Amino acid sequence: MAILKILAIFVALCACHVTPSEAVCGYESCPETKSNMINIHLVPHSHDDLGWLKTADQYYYGNKHSIQHAGVQYIFDTVVAELTKDSRRRFIQVETAFFAKWWQDQSETKKKLVKKLVNEGRLEFTGGAWSMNDEAAVNYQSVIDQFTVGLKFLNDNFGVCGRPRVGWQIDAFGHSREQASMFAQMGFDGQFFARMDQNDKNKRVDNLGLEMIWDASETLKDLEFFTGMLYNHYSAPPGFCFDSLCQDDPIIDGKSYDNNVNSRIDDFINYATNLAKYYRSSHIMVPMGDDFQYENAYMNYRNMDKLIKYVNERQATGSKFNIFYSTAGCYLNSLHKSLQSWPNKTQDFLPHSHEAKSFWTGFFTSRPTQKRFERDGNHMLQVAKQLSVLANLSSEQQTKDLEYLRQIMGVMQHHDAITGTEKQEVSNDYDRLLYDAILGGTNTARDALRVLTNQPNGEFESCLRVNISECAFTKDGADNVVVTLYNPLAHTSSQYVRVPVKNENYEVTNEKGQVVTSELVPVPWQVLALEHRSNDTQHELVFKASINTIGSFYIRKVEEQQSPSMDIPNRFKRVHSLKSDAGTHDDGETIVQTSLIKLVIDNNTGRLKTVEMNGVSESIDQTFGMYKTARSCHYIFRQDADLELLEDPVEFTVYDGTLVKEVHQNFNEYVSQVIRIYEGVNRVEFEWLVGPVPIDDELGKEIVTVIKSGISNEGVFYTDSNGREMIRREKDQREDFTPDLSEQPVSGNIYPVTSRLALQDSSRRLVILNDRSQGGTSLENGRVEMMLHRRHIFADGSGAAEAINEQQFGKGLIARGKLFLSLSAVEEGATAAERLAEKEIHLPFWKFFSKASEVFGSVSKSLPDFNDLPESVHLLTLEPYSADEILLRLENIMDQTEVGTVSFNIRQIFDSLGGLEIRETTLDGNLPLGEMKRLKFSHDGAGIVSSTPEYFTSLQRPLAADKSQEDSEFSVTLTPMQIRTFIIKKELA
């Protein structure tokens, strides 16, 4: 008997080992369907938020059940156990962060078992990014990065069978076109989601349009992407939730008075009959799961087994329903093989609304400081990744710190993180995670700079509080300080640098010892008044730097007579007493101007009156306002009253320097601003400070800035899609349906702005660029509104069960940020400058501070030179991919109206990175481009539908070369908006 037991164990272990050649996964592993029936694809899943009501760790470990019962680790344990019992069972797993955390704690035996499930298509990864990201408030760079992290984990551990083919964006609060574009560029075949404006959904139900083909780019070719809307959210059919978290009846099939098989199967078939009416093919998908379900997977599968058994038994008496365990991928494959045609979609699914009074437009702005902090995290991530490559860092700690920052940035893209829709305790935890991860990134950057510069002992400290003009490194003085600047852009960039300093005289020199013009500007008194700010430094030292990759500047304190290069700006107390070049004119105006821009301030109102730049002079009135509301929440902005503008005269002071001109404005006790123009910079900067927002009247507030111009845009404006292509918006209109704006006409016209909003008429164009996600709109001719800050006292039960009432140091949160304005004539290609400005704003120089040594600054190691790339080509990614591989992404950031196709050679870059071989992949870096084969679906009205399934493959020959080949083999062509991704195998040091 003992021998038999040992033999049984041996056989079981052997069964767990499946070599890649034996793997039958993906579409080949899909269950058989029946052509003459309605095929019901039962898709077990669990939606597991990486933080929301509880922190990510609390959700994983299952503590704080008093808030929400959820323990993700137990879901994996029990699902794997149940899948092994029956080869027909299936489960889809989406959030890789949770799975990776569980995976690292598993035994080798358990890992072999899971790999067997994956290799047989029984456990199917779907989506596969580190988190299920939001689609409104995110920037495309961060989305690509977090997919790269998640899909690389799956590829490293499961190979080809671990690669997802389908997106599963079921809980995002609206859907962007750029997300669909990225999915297509990563080689995905389609996606499914569960949220759509209720009026849009109703119309699509009537027109059999819940599944469609999305034209995911106006510029790029062959980016059609199949997209499906789930009918009943992402939940099981009503009455058929068999999870331990639910109260629905199980299927009772024993010899019992309570036997309910007939009634339960009748109910399910009635549901399926109704569902089939809304979809075009003979296949319907029924999700079986919800938030944090399957903690006791036995209950789920036991009852689903019965459901499948008794539904299919009815085929013997004429039923046309065939039900089986399936996956989202298998369902999509069945649709593809059905050879049907589908309706077309071109714009996006934003903003979302589930009823007339509820447009989900508040979260575009919620938690504004966290939204900015996430951008800081991305900034450091790009800097740390690039420097790691350039310095060839490889220690265990450096690799660990970089991977942790990657992963936490993946967490921050989660649809309850970047959105600001989480509980305050969870928000605090996100801040903690990101702060720790950024510190690790700064350590990595420091290590790299010690290798790359001749400052092997440099501190290279980062200042994470420069947003309030504070830096611990310079708080006691900036004498004998080296500022090392890193430029993460491909091309040499000229930018102004601001260093918090004491009110002393300084001289700035570059690496050649040449004096650089600099000047001292006072920090606004409203910033100095921040209770939590140390006021050791009350000024900022400003100078201009032109940097290719790395550059250093030396600051030393000098006596006043020793500093002829130092230009101390005149300090005017009040505008009404100005008598200078920036003085009061007879007509009551104050002129502030550089060689490129002229601003006119109305002395009576204290507000901006006119902007002249790029040959355009336009009346511009900029102020702030508030919407008072008792019903807004984290997600939703509900307007209860008309906008109240701040129209009282504004106190202002002008600082007229050589390098920078500043207008400091104070609107009231909680709103102030600096309007700033730099010499040689062709945009106007508005640095706003808002908070604490008052709530003594027991009403919440939405704080907006309003910019009025004379441009006749007739209700049409444009917003970016995740920082990439622009989408045309029209007031009160949607592409496919008529929105119900009867209760919320303002909120229903707000769109997410992650980098740019523009409006124009036949001759003039006004553009606003921003430094974080915000809600924006144009409700009247020539007018822009951007939402800056939110504070509320109402919890409407739609999510966090608490009001979004952020506080700091016992008072309402104060937020500071920047908007940028540009005016230009409407000309072909004129918007190209906006694209370049977006990149400078998104990825400016990162400042590192050290004490000066005898030798400072100059780069000691030869670095790759990306300056030879065409101006429209952006270095999207340069990062270590494995111990001997580098990932390189190059992007043409211009659209078809701004630039044509560009060609260049990357042999020099390849050689300077120590390249041995190079291969091209899909956007995520994990699938060889030559192996990409995406499902192609037919459009309605496109003519005769193909009689055989069709596919998309790469439009160009994938680049593949090694160091022995001719330079011509390293030629790269980028069409407008195209991104190409390469893996370079390098020599190991």
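This is a predicted model: local features need pLDDT of at least 70, side-chain atom pairs count only at pLDDT 80 or more; totals for chains, interfaces and linings use all residues.
**Exercise 1.** Work out which strands stand at the edges of the five-stranded open sheet.

*Solution.* Start with the strand order, which is β44-β45-β53-β47-β51, with antiparallel pairing. Next, look at the two ends: β44 (873–882) and β51 (960–962) each have a single partner strand, so one side of each has no neighbour in the sheet. From one strand to the next, the twist averages 20°. Now zoom in on one pair: β47 (residues 915–921) and β53 (residues 979–986) are antiparallel and share six bridges. One of the residue pairs to look up is Gly915 with its bridge partner in β53, Lys986.

**Exercise 2.** Classify how helix α12 packs against helix α14.

*Solution.* Grab the geometry first: α12 (residues 368–391) and α14 (residues 424–452) pack at about 25°, and their axes are 8 Å apart. Angles under 35 degrees count as roughly parallel, so α12 is roughly parallel to α14. As for handedness, α12 passes α14 in a left-handed crossing. Finally, sort the contact residues of the two helices: 15 are nonpolar, seven polar and three charged.

**Exercise 3.** Find out which way the side chains of strand β9 point, and whether they are buried or exposed.

*Solution.* Side chains in a regular strand alternate between the two faces of the sheet. In β9 (residues 321–325), Phe321, Ile323 and Tyr325 point one way, while Asn322 and Phe324 point the other way. Then check burial: five of the five residues of β9 are buried. Last, pick up the pairing: β1 (residues 38–44) runs parallel to β9, joined by five bridges. Ile40, for one, has Ile323 of β9 as its bridge partner.

Methods: Residues are numbered from 1 along each chain as its sequence is written. Side-chain values use heavy atoms; hydrogens and water are left out. Two strands pair if DSSP finds at least two bridges between them. Helices (H or I, at least four residues) and strands (E, at least two) are DSSP runs, numbered from the N terminus. Axes are lines fitted to C-alpha atoms, for helices over the stretch in contact, and angles run from 0 to 180 degrees between N-to-C directions. Angles under 35 degrees count as roughly parallel, over 145 as roughly antiparallel, 65 to 115 as roughly perpendicular and the rest as oblique. A crossing is left-handed if the near helix is turned anticlockwise from the far one by less than a right angle, and right-handed if clockwise. Ala, Val, Leu, Ile, Met, Phe, Trp, Tyr, Cys and Pro count as nonpolar, Asp, Glu, Lys and Arg as charged, and the others, Gly among them, as polar. Buried means under 20% relative accessible area, exposed over 50%, partly exposed in between (1.4 Å probe, protein chains only).
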